[in-house]
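Hi everyone, thanks for coming. Please have a look at the structure on the screen, and then I'll walk you through some of its side-chain contacts.

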Amino acid sequence: QVQLVESGGGLVQAGGSLRLSCAASGRTDMMFVMGWFRQAPGKQREFVASIFWSGGGASYADSVKGRFTISRDNAENAVYLQMNSLKPGDTAVYYCAARVTTQAEYTYWGQGTQVTVSS
């Protein structure tokens with residue numbers, strides 16, 4: 001089992017920045033890929049970014065490329081999402097998710113953290 005806890009959300013003006021954190025605990029030795037997803041009101045959850053737990057292989061949704069950066073700190077068992085140049089369209093609940101080596105899908109999810117970008 002892997003437990004994930006997000007933090008760092010909040011209210012920010014358009015053009016501002018936020019840094020989300022995801023603290024992992026439990027069977028972190030099984031973690032393979034970490035991802036960030038988001039869900040806006042009335043919309044489906046969508047992929048934002050992912051990174052291999054071992055490092056490298058960062059991938060981004062087109063909508064956030066050049067503005068968001070995903071990183072991880074294995075010593076801290078944490079993954080981060082640095083969000084710059086935020087837009088009102090980035091408003092959503094952001095979720096951290098983990099894929100473990102034995103599963104093909106993201107099977108562990110955090111509780112989410114709200115990001116609100118005002119115009």
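Let me begin with a question: does Arg38 count as buried or exposed? Arg38 has 5% relative accessibility, so it counts as buried; here buried means under 20% relative accessible area, exposed over 50%, and partly exposed in between, with a 1.4 Å probe and protein chains only.

A quick word on what you're seeing. This is a predicted model, where local features need pLDDT of at least 70 and side-chain atom pairs count only at pLDDT 80 or more, while totals for chains, interfaces and linings use all residues. Residues are numbered from 1 along each chain as its sequence is written, and side-chain values use heavy atoms, leaving out hydrogens and water.

Back to Arg38, then. Which partners does it have? One is Glu46, with a salt bridge of 2.6 Å, N to O; the term means a side-chain nitrogen of Lys or Arg within 4 Å of a carboxyl oxygen of Asp or Glu. Glu46 is partly exposed, at 35% relative accessibility. Arg38 also forms a salt bridge with Asp90, and there the closest N and O atoms are 2.9 Å apart. That pair links distant parts of the chain, with Arg38 in strand β4 and Asp90 in the loop between β8 (78–83) and β9, 52 residues apart. Strands are DSSP runs of E, at least two residues, and helices are runs of H or I, at least four, numbered from the N terminus. Asp90 is buried, at 2% relative accessibility. Together with Arg67, these residues make a network: Arg38, Glu46, Arg67 and Asp90 are linked by salt bridges. In total, the structure holds five salt bridges.

Now for the rings. How many aromatic pairs does the structure hold? There are five, where rings of Phe, Tyr and Trp (its six-membered ring) pair if their centres lie within 6.5 Å, with planes under 30 degrees apart called stacked, over 60 edge-to-face, and the rest tilted. One of them is Phe37 with Tyr106, edge-to-face, at 5.0 Å centre to centre and 80 degrees between the planes. Phe37 lies in strand β4 (residues 31–39) and Tyr106 in the loop between β9 (92–100) and β10 (108–109), so this pair ties together parts 69 residues apart in sequence. Tyr106 also pairs with Trp109, tilted, at 6.2 Å and 55 degrees. Phe37, Phe47, Tyr106 and Trp109 form one aromatic cluster.
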